[in-house]
Each structure stands twice: as structure tokens, then as C-alpha cells.
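Here is a short tour of a protein model, meant to be read with the structure open beside you.

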Amino acid sequence: MKAKTIISVLFVLGSQFASANAVDDMFSEYKKSGVTNISEQQGKTLWTKKFTNKKTGKLQSCTTCHGNNLKKAGKHVKTGKLIEPMAASVNSKRYTKVKTMKKWFKRNCKWTIGRECSAQEQADILAYLIKQ
Amino acid sequence: MKHMKIIVTASAIVGLILSASLVIGDDDRYENKERKEGVFRQLFSKKLDVAPVKNELYREECGSCHFAYQPGLLPSRSWKKMMGDLENHFDENAELDKETQVALTKYLVENSADDANYKRSIRIMNSLSKNSTPLRITKTPYFIRKHDEIPRRLVQGNPKLGSFSKCAACHVNADKGSYEEDDVRIPGVGKWDD
């Protein structure tokens with residue numbers, strides 16, 4: 001009985017590490033690309049910065065879809081579809097899969113800024129988001 | 001009493017023909033083109049308007065920004081074209097990694113309207129000209145015709161709606177594959193009565 005308890009506890013602890021690992025993996029990759037200083041403040045600045053959409057001429061930022069309060073759901077600017085909150089403190093599914101984070105960074109930086117975010121930019125933004 | 005059996009059987013047959021004609025009496029010019037919709041197809045084709053989405057990858061990837069449109073609402077040529085240009089997905093970037101793109105294209109093509117035995121799939125296909133490859137379900141002739149009585153102020157001019165592309169906003173059972181007119185509830189307006 002005792003052995004089973006120990007094993008299950010280790011399992012639970014291990015699974016916590018699994019989630020944390022996704023973010024760690026992302027940061028490791030950024031560091032490998034040469035990123036040294038990571039700034040949450042820079043991340044926040046970038047997250048709220050306004051860019052001009054080349055096609056429509058409208059101003060847009062990450063907050064256009066994700067909203068101004070990361071603990072609340074956002075809304076897709078075109079379709080109105082609900083976007084679950086970005087804050088890990090209210091949405092435990094966030095920042096748990098490297099593949100998912102990479103996908104959204106790629107697409108959404110391209111749409112918002114007009115190009116992919118650099119490793120530095122991604123690191124700063126991620127550092128900001130995971131603290132919310 | 002002697003002829004009871006014959007009378008009952010004859011009535012049953014007449015009844016069957018009458019009810020069948022009620023079904024095919026449904027006014028729709030897209031019934032009998034290339035894909036015949038005879039009595040038996042009407043009676044024995046699937047109950048739902050279109051095959052519902054059962055692919056979780058599709059739902060997750062393609063239903064994250066908008067309604068998870070059923071593959072049976074467009075021909076396979078449309079899906080192939082769309083999936084081949086995800087960077088320009090209606091002015092958005094919907095890029096996917098290669099593996100996911102291939103898997104989803106396969107799902108869409110295999111479940112497209114081309115060979116689907118569902119009412120809306122058949123009628124959408126029948127309404128398309130052979131050389132058209134629509135990317136918007138809302139621009140297929142069948143769709144346009146089915147929605148042409150709805151005034152602009154209820155959709156485009158409706159602050160709670162804005163566009164026809166939000167199927168599930170009005171068609172409350174859209175996600176199940178049902179687009180019955182009786183189930184329509186326009187946001188801020190209510191039941192549709194034509």
C-alpha cells in the first residue's frame with residue numbers, strides 16, 4: 001500500500017513538471033538562439049503595442065482579440081468566437097504544449113505585426129504572459 | 001370483409017405514395033439535377049442535413065476561431081484549395097504544421113459534399129457550376145437562395161450578428177448537423193417566420 005502511495009505521489013509531481021517543462025522547453029530554445037536577457041516589461045509593451053494592418057489600415061494589437069484583461073475571455077475580432085483567457089491563473093490549459101505555443105506565436109505574430117516574432121520577442125512575451 | 005386485405009394494402013400503398021409526394025413536394029429547384037433525389041432517396045437518406053463533425057483535430061484546429069463548418073458543406077476541390085493557402089485564410093493567417101495540414105485536408109476531402117448522402121450536401125453540390133470552386137459556403141447558390149428572404153437589418157445590420165458566416169448563431173443545432181428552419185433563432189430577434 002505504501003509503495004503505491006509513493007508511486008502515485010511521484011506521478012502527480014511528475015505531471016506537474018510536465019506542464020512546467022513546456023514553458024522551460026520554450027525558454028531553453030530561445031536561449032539557444034542567443035537570447036540572454038528576458039524582460040516581462042518588454043513583453044507587456046509588445047503585447048499592447050499597436051500595429052497597422054497592411055490590408056485594412058486598421059490599428060491592431062494582441063489585445064484586439066485577447067482583450068485588455070487576460071483573466072477574462074477574449075473575442076475573435078472577425079468571427080466573434082470566444083477565446084479562452086490567456087492567464088494561466090484562471091486557465092490551466094495555457095502554456096502546457098510547446099506545439100500549441102509555437103503555432104499561435106507563428107500565426108498571430110504574422111497577423112498582428114506582419115512578420116514572425118523574434119526569439120527575443122517571444123521570450124519577453126511568454127515571460128509576461130505566464131505571470132498573469 | 002372479403003376484400004379487406006386488398007383494401008388495406010391498397011390504402012397503405014396510396015398512403016405511402018401520398019406521404020412520399022409530400023416529402024418531395026418541398027420546393028427546391030436543386031433536387032433533381034445530377035444527383036437524383038427520387039422518392040426512396042428522400043425517404044431513406046440520412047435524417048440530418050449534413051454529416052456532423054466527429055474529428056477532434058478538425059474541431060480543435062478549425063473550430064478555434066470560427067464555427068466548425070461541416071466538410072459536407074463544400075466540394076472537395078474547395079477544401080483542397082483552401083487548405084493549400086492557409087496563410088491567406090480570409091485575410092487571416094491560419095498556417096498549420098505539415099502533418100496537421102495533411103491530416104485535416106484528408107478529413108475534409110473524404111467527408112466533402114461530393115459524395116455525401118445528406119440533403120444539404122447534395123443540394124449544395126447540385127447548385128454549383130462545374131467550374132466554380134467556392135471558398136465561402138455563404139456564396140454557394142444554394143445557400144444564397146435559402147437565405148434570400150432575410151432582410152439585411154436582421155443579419156449584416158444586426159449588431160448581435162453581423163454576418164451569415166456565423167451559422168451556429170442562428171441555427172441552434174448547426175453543430176449537430178441540423179439546419180432546420182424551425183430551429184432558427186436570430187440573435188436579438190427570435191424565431192424566423194417567413
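## Around B:Ala113

In this predicted model, B:Ala113 is in contact with B:Gly72, B:Leu73, B:Leu74, B:Pro75, B:Ser121, B:Ile124 and B:Met125, leaving aside its neighbours within four places in sequence.

## The nonpolar cores

B:Ala113 also belongs to the largest nonpolar core, a set of 20 residues. Five helices of chain B each supply at least two of the core's residues: H3 (56–62), H4 (76–83), H5 (98–110), H6 (119–127) and H7 (141–147). The most comes from H6(B), which gives three residues.

## How H4(B) and H5(B) pack

Now look at two of the helices of chain B. The axes of H4(B) and H5(B) come within 9 Å and cross at roughly 165°. Angles over 145 degrees count as roughly antiparallel, so that is how H4(B) and H5(B) run relative to each other. Their crossing is right-handed.

On the H4(B) side, the residues that meet H5(B) are B:Ser76, B:Trp79, B:Lys80 and B:Met83. Their partners in H5(B) are B:Gln101, B:Leu104, B:Thr105, B:Leu108 and B:Val109. By type, the residues of this contact between H4(B) and H5(B) are five nonpolar, three polar and one charged.

## Where the chains meet

Finally, how many residues of chain B are in contact with chain A? Eight residues of chain B touch nine of chain A. The chain B side of this contact divides into four charged, two polar and two nonpolar residues.

Methods
Residues are numbered from 1 along each chain as its sequence is written. Chains are lettered from A and ligands numbered from 1 in the order in which they are written. This is a predicted model: local features need pLDDT of at least 70, side-chain atom pairs count only at pLDDT 80 or more; totals for chains, interfaces and linings use all residues. Two residues are in contact if their C-beta atoms, placed from the backbone, lie within 7 Å. Ala, Val, Leu, Ile, Met, Phe, Trp, Tyr, Cys and Pro count as nonpolar, Asp, Glu, Lys and Arg as charged, and the others, Gly among them, as polar. A nonpolar core is a set of buried Ala, Val, Leu, Ile, Met, Phe, Trp, Tyr and Cys residues joined through C-beta atoms within 7 Å. A residue is buried if 20 or more other C-beta atoms lie within 10 Å of its own, exposed if 12 or fewer, and partly exposed in between; C-beta atoms are placed from the backbone. Helices (H or I, at least four residues) and strands (E, at least two) are DSSP runs, numbered from the N terminus. Axes are lines fitted to C-alpha atoms, for helices over the stretch in contact, and angles run from 0 to 180 degrees between N-to-C directions. Angles under 35 degrees count as roughly parallel, over 145 as roughly antiparallel, 65 to 115 as roughly perpendicular and the rest as oblique. A crossing is left-handed if the near helix is turned anticlockwise from the far one by less than a right angle, and right-handed if clockwise.
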